Amino acid sequence: MLISDIISSAEKAGRVRYIGKSLYGSPIPLIRKGSARPGGVLIVGTVHAREHITGMLITELMRRYSGDAPVDAVPYLNPDGAVLATEGLTAFTLKNAERLALLRLNGGSTDYSQWKANLRGVDLNVNFDAEWGTGAENVRVPGPANYIGPYPESEPETRAICALMDRGAYALVVAYHSKGEEVYWGFRNIRTYRAEAERVAKELGYALKETPRSAGGLKDYRVLKTGLPAFTVEVGKSSFPHPYPVEELPNLVRTHENIIGVYNEIAEKVWKERRNTT
Ligand SMILES: [Zn+2]
(Lines give C-alpha, C1' and ligand atoms only; values in the text may rest on other atoms or scores of the structure.)
Protein backbone atom coordinates (compact mmCIF):
# COMPACT_ATOMS: atom_id res chain seq x y z
CA MET A 1 0.00 0.00 0.00
CA LEU A 2 1.50 3.31 -1.16
CA ILE A 3 0.39 6.90 -0.51
CA SER A 4 -0.81 7.05 -4.14
CA ASP A 5 -3.07 4.00 -3.46
CA ILE A 6 -4.53 5.69 -0.38
CA ILE A 7 -5.25 8.89 -2.33
CA SER A 8 -6.70 7.22 -5.41
CA SER A 9 -9.02 4.99 -3.33
CA ALA A 10 -10.22 8.09 -1.42
CA GLU A 11 -10.87 9.97 -4.67
CA LYS A 12 -13.02 7.08 -5.92
CA ALA A 13 -15.08 7.23 -2.70
CA GLY A 14 -16.07 10.93 -2.67
CA ARG A 15 -14.94 14.54 -2.53
CA VAL A 16 -11.43 14.68 -1.11
CA ARG A 17 -9.57 17.42 0.71
CA TYR A 18 -6.48 17.24 2.92
CA ILE A 19 -6.37 17.93 6.64
CA GLY A 20 -2.59 18.23 6.80
CA LYS A 21 0.58 16.28 6.24
CA SER A 22 2.22 13.41 8.08
CA LEU A 23 5.71 13.50 9.54
CA TYR A 24 7.14 12.27 6.21
CA GLY A 25 5.06 14.82 4.32
CA SER A 26 2.33 12.50 3.07
CA PRO A 27 -1.03 14.24 2.58
CA ILE A 28 -3.77 13.00 4.95
CA PRO A 29 -6.99 12.75 2.93
CA LEU A 30 -10.49 13.51 4.21
CA ILE A 31 -13.48 12.10 2.29
CA ARG A 32 -16.57 14.31 2.57
CA LYS A 33 -20.10 13.08 1.81
CA GLY A 34 -23.60 14.48 2.30
CA SER A 35 -24.67 18.07 2.85
CA ALA A 36 -22.45 20.74 4.42
CA ARG A 37 -24.47 21.44 7.58
CA PRO A 38 -22.96 21.17 11.10
CA GLY A 39 -23.73 18.28 13.44
CA GLY A 40 -22.37 15.49 11.28
CA VAL A 41 -20.31 12.37 11.85
CA LEU A 42 -16.52 12.00 11.65
CA ILE A 43 -15.02 8.53 11.17
CA VAL A 44 -11.25 8.07 11.62
CA GLY A 45 -9.21 4.98 10.72
CA THR A 46 -5.62 3.70 10.67
CA VAL A 47 -4.59 5.56 13.80
CA HIS A 48 -2.34 2.52 14.26
CA ALA A 49 -0.14 1.53 11.33
CA ARG A 50 -0.78 -2.23 11.23
CA GLU A 51 -4.56 -1.64 11.43
CA HIS A 52 -4.69 -0.45 7.80
CA ILE A 53 -7.68 -2.78 7.19
CA THR A 54 -9.75 -0.06 8.93
CA GLY A 55 -8.71 2.42 6.23
CA MET A 56 -9.87 0.05 3.52
CA LEU A 57 -13.14 -0.59 5.37
CA ILE A 58 -13.92 3.10 5.95
CA THR A 59 -13.05 4.03 2.35
CA GLU A 60 -15.42 1.34 1.06
CA LEU A 61 -18.23 2.42 3.44
CA MET A 62 -17.80 6.02 2.25
CA ARG A 63 -17.80 4.94 -1.41
CA ARG A 64 -21.17 3.27 -0.84
CA TYR A 65 -22.71 6.10 1.21
CA SER A 66 -25.12 8.28 -0.74
CA GLY A 67 -27.19 9.89 2.02
CA ASP A 68 -27.81 13.58 2.67
CA ALA A 69 -26.58 13.61 6.28
CA PRO A 70 -23.02 14.98 6.57
CA VAL A 71 -20.35 12.31 7.00
CA ASP A 72 -16.60 13.01 6.96
CA ALA A 73 -13.99 10.28 7.04
CA VAL A 74 -10.22 10.23 7.50
CA PRO A 75 -9.53 6.58 6.63
CA TYR A 76 -5.74 6.83 7.13
CA LEU A 77 -4.72 9.19 9.92
CA ASN A 78 -1.30 7.49 9.95
CA PRO A 79 -0.53 7.13 6.23
CA ASP A 80 3.23 6.74 6.76
CA GLY A 81 2.54 3.94 9.22
CA ALA A 82 0.25 2.14 6.78
CA VAL A 83 2.93 2.34 4.08
CA LEU A 84 5.68 1.24 6.48
CA ALA A 85 3.65 -1.73 7.78
CA THR A 86 2.79 -2.95 4.27
CA GLU A 87 5.85 -2.00 2.17
CA GLY A 88 8.67 -1.62 4.68
CA LEU A 89 11.45 0.98 4.73
CA THR A 90 12.16 0.78 1.00
CA ALA A 91 8.95 2.73 0.27
CA PHE A 92 10.55 5.86 1.80
CA THR A 93 13.40 8.08 0.70
CA LEU A 94 15.28 8.37 3.98
CA LYS A 95 18.65 9.68 5.08
CA ASN A 96 20.91 6.89 6.25
CA ALA A 97 20.66 8.06 9.88
CA GLU A 98 16.84 8.04 9.70
CA ARG A 99 16.82 4.54 8.21
CA LEU A 100 19.18 3.24 10.89
CA ALA A 101 17.11 4.91 13.63
CA LEU A 102 13.92 3.21 12.35
CA LEU A 103 15.71 -0.13 12.17
CA ARG A 104 16.92 0.30 15.74
CA LEU A 105 13.37 1.11 16.92
CA ASN A 106 12.19 -2.11 15.28
CA GLY A 107 14.82 -4.24 17.01
CA GLY A 108 16.92 -4.46 13.85
CA SER A 109 14.17 -6.18 11.86
CA THR A 110 13.08 -5.04 8.40
CA ASP A 111 9.62 -6.60 9.01
CA TYR A 112 7.36 -3.69 10.02
CA SER A 113 4.06 -5.60 9.71
CA GLN A 114 3.41 -5.34 13.48
CA TRP A 115 4.30 -1.61 13.69
CA LYS A 116 1.63 0.66 15.25
CA ALA A 117 3.37 4.04 15.57
CA ASN A 118 4.15 6.84 13.11
CA LEU A 119 7.46 7.25 11.29
CA ARG A 120 9.43 8.27 14.38
CA GLY A 121 8.01 5.71 16.77
CA VAL A 122 5.23 7.76 18.40
CA ASP A 123 1.95 5.88 18.98
CA LEU A 124 -0.65 8.45 17.86
CA ASN A 125 -3.39 6.98 20.05
CA VAL A 126 -1.52 7.91 23.24
CA ASN A 127 -0.35 11.30 21.93
CA PHE A 128 -3.58 13.28 22.46
CA ASP A 129 -4.04 15.87 25.20
CA ALA A 130 -6.32 13.80 27.46
CA GLU A 131 -4.70 12.84 30.77
CA TRP A 132 -1.62 12.35 28.59
CA GLY A 133 1.00 10.00 30.00
CA THR A 134 -1.25 8.36 32.61
CA GLY A 135 -2.26 5.28 30.61
CA ALA A 136 -1.48 1.81 31.98
CA GLU A 137 0.54 0.72 28.93
CA ASN A 138 2.29 4.03 28.23
CA VAL A 139 5.94 3.86 27.19
CA ARG A 140 8.44 6.74 27.39
CA VAL A 141 10.87 5.77 24.64
CA PRO A 142 10.17 5.62 20.88
CA GLY A 143 9.27 2.22 19.48
CA PRO A 144 6.74 0.21 17.45
CA ALA A 145 3.90 0.87 19.96
CA ASN A 146 2.73 2.75 23.08
CA TYR A 147 5.27 5.64 23.07
CA ILE A 148 3.38 8.77 24.13
CA GLY A 149 5.72 11.26 22.39
CA PRO A 150 7.74 14.09 23.99
CA TYR A 151 4.61 16.13 24.80
CA PRO A 152 0.84 16.01 24.03
CA GLU A 153 0.04 16.51 20.33
CA SER A 154 3.74 16.53 19.43
CA GLU A 155 2.98 14.75 16.14
CA PRO A 156 1.68 16.45 12.95
CA GLU A 157 -0.92 13.67 12.45
CA THR A 158 -2.34 14.25 15.96
CA ARG A 159 -2.41 18.02 15.46
CA ALA A 160 -4.14 17.68 12.07
CA ILE A 161 -7.02 15.58 13.42
CA CYS A 162 -7.38 17.79 16.53
CA ALA A 163 -7.64 20.89 14.33
CA LEU A 164 -10.29 19.18 12.20
CA MET A 165 -12.30 18.05 15.23
CA ASP A 166 -12.03 21.45 16.92
CA ARG A 167 -13.38 23.37 13.91
CA GLY A 168 -15.58 20.67 12.37
CA ALA A 169 -18.77 20.94 14.48
CA TYR A 170 -19.20 17.18 14.57
CA ALA A 171 -21.90 15.62 16.74
CA LEU A 172 -20.29 12.16 16.78
CA VAL A 173 -16.70 10.97 16.31
CA VAL A 174 -15.87 7.29 15.81
CA ALA A 175 -12.28 5.99 15.72
CA TYR A 176 -11.66 2.64 14.05
CA HIS A 177 -9.11 0.13 15.27
CA SER A 178 -8.51 -3.58 14.85
CA LYS A 179 -9.27 -6.01 16.43
CA GLY A 180 -11.59 -7.73 18.95
CA GLU A 181 -15.20 -6.88 17.94
CA GLU A 182 -15.61 -4.29 20.69
CA VAL A 183 -17.04 -0.80 21.10
CA TYR A 184 -15.40 1.46 23.71
CA TRP A 185 -17.15 4.50 25.15
CA GLY A 186 -16.70 7.14 27.87
CA PHE A 187 -13.51 8.45 29.42
CA ARG A 188 -12.62 8.28 33.12
CA ASN A 189 -15.55 9.78 35.05
CA ILE A 190 -17.33 11.03 31.91
CA ARG A 191 -19.81 8.22 31.32
CA THR A 192 -22.44 9.82 29.10
CA TYR A 193 -23.93 8.34 25.90
CA ARG A 194 -23.83 4.73 27.05
CA ALA A 195 -27.16 3.98 25.31
CA GLU A 196 -25.80 5.34 22.01
CA ALA A 197 -22.64 3.24 22.31
CA GLU A 198 -24.78 0.22 23.10
CA ARG A 199 -26.81 0.82 19.96
CA VAL A 200 -23.63 0.81 17.86
CA ALA A 201 -22.40 -2.37 19.56
CA LYS A 202 -25.75 -4.08 18.98
CA GLU A 203 -25.84 -3.11 15.29
CA LEU A 204 -22.35 -4.55 14.76
CA GLY A 205 -22.83 -7.55 17.04
CA TYR A 206 -19.83 -6.35 19.09
CA ALA A 207 -19.28 -6.18 22.86
CA LEU A 208 -19.68 -2.87 24.72
CA LYS A 209 -16.67 -1.95 26.87
CA GLU A 210 -15.15 0.86 28.92
CA THR A 211 -11.45 1.77 28.92
CA PRO A 212 -10.65 2.88 32.48
CA ARG A 213 -6.89 2.38 32.00
CA SER A 214 -6.52 4.29 28.72
CA ALA A 215 -5.29 7.88 28.29
CA GLY A 216 -4.24 10.18 25.50
CA GLY A 217 -6.44 8.53 22.87
CA LEU A 218 -8.45 10.18 20.12
CA LYS A 219 -11.75 9.16 21.74
CA ASP A 220 -10.47 10.27 25.15
CA TYR A 221 -9.54 13.70 23.78
CA ARG A 222 -12.89 14.17 22.09
CA VAL A 223 -14.94 13.11 25.11
CA LEU A 224 -12.87 15.22 27.50
CA LYS A 225 -12.81 18.30 25.29
CA THR A 226 -16.44 18.42 24.13
CA GLY A 227 -18.57 16.10 26.25
CA LEU A 228 -20.06 14.90 22.98
CA PRO A 229 -20.12 11.18 22.14
CA ALA A 230 -16.97 9.55 20.76
CA PHE A 231 -16.47 5.84 20.42
CA THR A 232 -13.67 3.45 19.54
CA VAL A 233 -14.68 0.53 17.34
CA GLU A 234 -12.33 -2.48 17.28
CA VAL A 235 -13.26 -4.31 14.08
CA GLY A 236 -12.74 -7.98 13.39
CA LYS A 237 -12.38 -11.18 15.33
CA SER A 238 -9.50 -11.46 17.79
CA SER A 239 -8.73 -14.97 16.47
CA PHE A 240 -7.24 -13.43 13.31
CA PRO A 241 -3.64 -12.12 13.34
CA HIS A 242 -2.27 -8.58 12.86
CA PRO A 243 -2.47 -7.25 10.24
CA TYR A 244 -6.08 -8.33 9.76
CA PRO A 245 -6.37 -10.45 6.59
CA VAL A 246 -7.55 -8.45 3.56
CA GLU A 247 -9.62 -11.47 2.45
CA GLU A 248 -11.85 -10.74 5.45
CA LEU A 249 -12.69 -7.22 4.21
CA PRO A 250 -16.02 -8.29 2.59
CA ASN A 251 -17.15 -9.74 5.94
CA LEU A 252 -16.26 -6.49 7.73
CA VAL A 253 -18.13 -4.47 5.08
CA ARG A 254 -21.18 -6.70 5.55
CA THR A 255 -21.10 -6.24 9.34
CA HIS A 256 -20.89 -2.46 8.83
CA GLU A 257 -23.30 -2.04 5.91
CA ASN A 258 -25.92 -0.15 7.96
CA ILE A 259 -23.66 1.48 10.54
CA ILE A 260 -23.38 4.93 8.94
CA GLY A 261 -27.17 5.20 9.13
CA VAL A 262 -26.97 4.42 12.85
CA TYR A 263 -24.19 6.99 13.34
CA ASN A 264 -26.30 9.59 11.50
CA GLU A 265 -29.34 8.97 13.72
CA ILE A 266 -27.20 9.28 16.85
CA ALA A 267 -25.57 12.47 15.54
CA GLU A 268 -28.92 14.05 14.68
CA LYS A 269 -30.38 13.30 18.12
CA VAL A 270 -27.26 14.51 19.96
CA TRP A 271 -27.11 17.73 17.92
CA LYS A 272 -30.79 18.48 18.49
CA GLU A 273 -30.45 17.92 22.25
CA ARG A 274 -27.38 20.13 22.34
CA ARG A 275 -29.16 22.95 20.47
CA ASN A 276 -32.04 22.76 22.93
CA THR A 277 -29.78 23.08 25.95
CA THR A 278 -27.50 25.88 24.71
ZN1 LIG B 1 -5.41 0.40 17.37
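Analyst: What follows is a set of labels, each set against its definition. This is a predicted model, where local features need pLDDT of at least 70 and side-chain atom pairs count only at pLDDT 80 or more, while totals for chains, interfaces and linings use all residues. Residues are numbered from 1 along each chain as its sequence is written, and side-chain values use heavy atoms, with hydrogens and water left out.

User: Why is the site of the zinc ion called irregular?

Analyst: Start with the donors (N, O and S atoms within 2.8 Å of the metal, or 3.2 Å for Na, K and Ca; water is not among the atoms, so sites may look incomplete). The protein donors are H48 (ND1), E51 (OE), E51 (OE) and H177 (ND1), at 2.0 to 2.5 Å from the zinc ion. The angles among these 4 donor atoms run from 55 to 148°. Four donors are tetrahedral if all angles lie between 85 and 135 degrees; four are square planar and six octahedral if opposite donors are over 155 degrees apart and all others between 65 and 115; anything else is irregular. The zinc site, with its 55 to 148°, is therefore irregular.

User: What makes E51 and H177 a link between parts of the chain?

Analyst: E51 lies in the loop between strand 3 (40-44) and helix 2 (53-64), and H177 in strand 5 (residues 170-178), so the pair ties together parts 126 residues apart in sequence. Helices (H or I, at least four residues) and strands (E, at least two) are DSSP runs, numbered from the N terminus.

User: How do you know whether E51 and H177 are buried or exposed?

Analyst: Buried means under 20% relative accessible area, exposed over 50%, and partly exposed in between (1.4 Å probe, protein chains only). E51 has 3%, so E51 is buried. H177 has 2%, so H177 is buried too.

User: Why is the pair of F128 and Y221 called tilted?

Analyst: Rings of Phe, Tyr and Trp (its six-membered ring) pair if their centres lie within 6.5 Å; planes under 30 degrees apart are stacked, over 60 edge-to-face, and the rest tilted. Here the centres are 5.9 Å apart and the planes at 45°, so the pair of F128 and Y221 is tilted. F128 sits in the loop between helix 4 (96-105) and helix 5 (156-167), and Y221 in helix 7 (residues 218-226). F128 is buried at 0% relative accessibility, and Y221 is buried at 6%.

User: What makes R274 count as lying over the face of W271?

Analyst: A charge sits over a ring if NZ of Lys or CZ of Arg is within 6 Å of the ring centre and within 35 degrees of the ring normal. R274 lies at 4.5 Å from the ring centre of W271 and over its face.

User: What is the largest nonpolar core made of?

Analyst: A nonpolar core is a set of buried Ala, Val, Leu, Ile, Met, Phe, Trp, Tyr and Cys residues joined through side-chain atoms within 4.5 Å. The largest has 41 residues, and those with the most contacts inside it include I43, Y176 and Y263. Its largest share, 8 residues, comes from helix 9 (residues 259-277). Apart from this core lies another, of 24 residues, among them L42 and F187.

User: Why are E181 and R188 called partly exposed?

Analyst: E181 has a relative accessible area of 25%, so E181 falls in the partly exposed range. R188, at 31%, falls there as well.
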